Structures are given as C-alpha cells and as structure tokens.
Amino acid sequence: MTATTISPATSHEDENRKPSSEYGSFVRPRVKEEMIKMVLRKKLAKQRHVVLPKAIDPSYLDSLFPQMLKLFDPQTVNYNGGIGQVPQWKISCYLEVMNGGVPTTHPNLPLLDLFHPLLTSCNQIFVDWYRQQHACNSPRTSTPIVDCRRIMTFITRYTPAPGEQALLKHVDGAGKVDGSIVVALPVDRWSAPEEENAFEGGGLTFWDGPRQEEIRYDTRSGDLALIDRAVWHQANPITKGTRWALVIFYKVIRDE
C-alpha cells in the first residue's frame, strides 16, 4: 500500500490574526473551527486522528525551551514486553504519572509547573476534539463528555543513538487510555547551533481507517496531533540531530 504523506505545517490558514482568546494567547486563532472541519473530513474516511498545523505558537514553545533543557532529566523505565519494540525506555522525562507511580514514582514537578499553562490549554482542545470525534455515537451506548483528566504526561527526546531514534508502531497506553495529544517541540537552538541539532527524518505515521491506511506527517514545532483510543501510530526514526515532543495521555470524564 502506498503511504500518504502530509506536511501540516504548509497547510494552515493565514496566521496574521489577533491571538485566540478561547484556548490562550499562544494557541493559533481559529484552531477550534479548523479542528471541527478536519474531524468531519476524517470521520467521512472513518479515521480517528487529526494533526493541527502550528496549533501552538512556536515562539511560545521557544520561550519554554531553555528552562526545559535545564529541568529535563530522563527516567529509565523497564516495560514488560517492551513498547514500540524497545524493552528499556530511557529518553523520556515524566511530568505526571498514573496512579501507583506508573511508570515512575518520581515525576518532575518543576517541569510540570513550567508546562502547566500549555497543559491546561491542551485539556480544553482535547475535550472539544473528543466531543466532536464521538458526537455521532449512539445515545444508547454513550454519555456526554464533560471533562478530561491527564493520566500521564511526558517529554521525549529522540536521538540517532540505538534505541533512541523512534517509538515504532504502537497504541498509546496499551489501549487503556481514551486518547492522547502529541505536541511537536522546537529544534534545540540553545545547547548547540541549530544546524547541529536539526533532525533528519522524524514526524508521525498513523495507520487508520477501515483499511489501515498509512498516513505520514512531517510534524514541526507547534503541530499538535489528537489521537483516539487504540489508533496505531509511531514516532518515525531520526538519523541526525535531536527531536523533542510533549505527550499527554487522557481519560475522559462522562456525565453520570
């Protein structure tokens, strides 16, 4: 099957507008309207993910990056059976973890504080997307979505080193989460010259829809992916530089 490649960073509308007030000043204007249109197109294809180009202002992410570099402290996690074909995962720093200290008992709280405004906006985006994605479900089998809860948040740094280049084909949380967000972070221009840290390869690939169509996205800083429960995807390998991403796992809260 021939893969479809999409470059979301070249598909967005004119960005020269006033800041959005709905999700925050660092969220691109009219993201909600664009998201609704994209979900409708995806649902016609029976696909359950969207990638919003430059949803988060790259300059805002740039402002977080120097402090993030100082606080980033990856934790080694041993997964039973491996994740994405990697049994020992050691390139992520966990800001929030599941109940019981899974996968680590030592989340990085200073890094959580740094990213708190962005995480709050991501919550709002996720709820609006999830409601739209599941809007046509049978009322007999679904109840209204009223909110969401982050159950795991982490930042990952990919490098060309063995075991650190990618997170190959997988579903988030082994299918135990209701959905997830992936935000592409900037290229590191602070610890070394940009040309040294600029990555080659990377991006996201999804296998989605009735025929599990392979869809590739060349994601760049500020691009935001929304992924429904148990959708197969991967962080594509890089061969040079470093690539950074913020990942959030969610559970939805329904009206009882």
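This text walks through a predicted model of one protein chain, from its overall make-up to single residues.

Start with the whole chain. The protein chain holds 4 helices and 15 strands. Of its 256 residues, 50% count as buried. Take the contacts in the chain with a separation of 6 or more: residues 24 or more positions apart account for 79% of them.

Next comes the sheet. Strands of a sheet pair through backbone hydrogen bonds, either parallel or antiparallel. Here, 6 strands form an open sheet, and the pairing is antiparallel. The order is β2-β12-β8-β15-β6-β5. At the edges sit β2 (49–52) and β5 (92–96), each pairing on one side only. Direction ignored, neighbouring strands of this sheet are turned by 20° against each other on average.

Strand β8 (residues 179–184) and strand β15 (residues 243–254) run antiparallel and are joined by 6 bridges. Ala184 has its bridge partner, Ala245, in β15.

Two helices lie across these strands. Helix α2 lies across β6 (145–158), β8 and β15, and runs at about 105° to β15. Helix α3 lies across β2, β5, β6, β8, β12 (224–228) and β15. Its direction is at about 130° to β6.

The helices also meet each other. Two packed helices are described by the angle between their axes and the distance between the axes. For α2 (residues 58–71) and α3, the axes come within 10 Å and cross at roughly 170°. An angle over 145 degrees counts as roughly antiparallel, and α2 and α3 are therefore roughly antiparallel to each other. On the α2 side, the contact is made by Tyr60, Leu61, Leu64, Gln67, Met68 and Leu71. On the α3 side, Pro110, Leu111, Leu114, Phe115, Pro117 and Leu118 take part. By class, this contact has 11 nonpolar, 1 polar and no charged residues.

Now look at the nonpolar cores. The largest has 44 residues. Within this core, Phe115, Ile155, Leu224 and Leu226 touch the most other members. Helix α3 (residues 109–133) gives the largest share, 12 residues. A second, separate core has 26 residues, including Met152, Tyr158, Phe199 and Ile215.

Not counting residues up to four places away in sequence, Leu224 touches Val50, Val51, Leu52, Ala55 and Ile56, among others.

Two more residues are worth a stop. Leu112 sits in helix α3. Its relative accessibility is 15%. The limit for buried is under 20%, so Leu112 counts as buried. Leu112 and Tyr94 are 18 residues apart in sequence, and their C-alpha atoms are 8.7 Å apart in space.

The other stop is Asp228, in strand β12. Is Asp228 buried or exposed? At 4% relative accessibility, Asp228 counts as buried. Leaving aside neighbours within four places in sequence, Asp228 is in contact with Arg48, Trp129, Tyr130, Gln133, His134, Asp178 and Gly179.

How values were computed
Residues are numbered from 1 along each chain as its sequence is written. This is a predicted model: local features need pLDDT of at least 70, side-chain atom pairs count only at pLDDT 80 or more; totals for chains, interfaces and linings use all residues. Side-chain values use heavy atoms; hydrogens and water are left out. A nonpolar core is a set of buried Ala, Val, Leu, Ile, Met, Phe, Trp, Tyr and Cys residues joined through side-chain atoms within 4.5 Å. Buried means under 20% relative accessible area, exposed over 50%, partly exposed in between (1.4 Å probe, protein chains only). Contact means heavy atoms within 4.5 Å. Axes are lines fitted to C-alpha atoms, for helices over the stretch in contact, and angles run from 0 to 180 degrees between N-to-C directions. Angles under 35 degrees count as roughly parallel, over 145 as roughly antiparallel, 65 to 115 as roughly perpendicular and the rest as oblique. Ala, Val, Leu, Ile, Met, Phe, Trp, Tyr, Cys and Pro count as nonpolar, Asp, Glu, Lys and Arg as charged, and the others, Gly among them, as polar. Two strands pair if DSSP finds at least two bridges between them.
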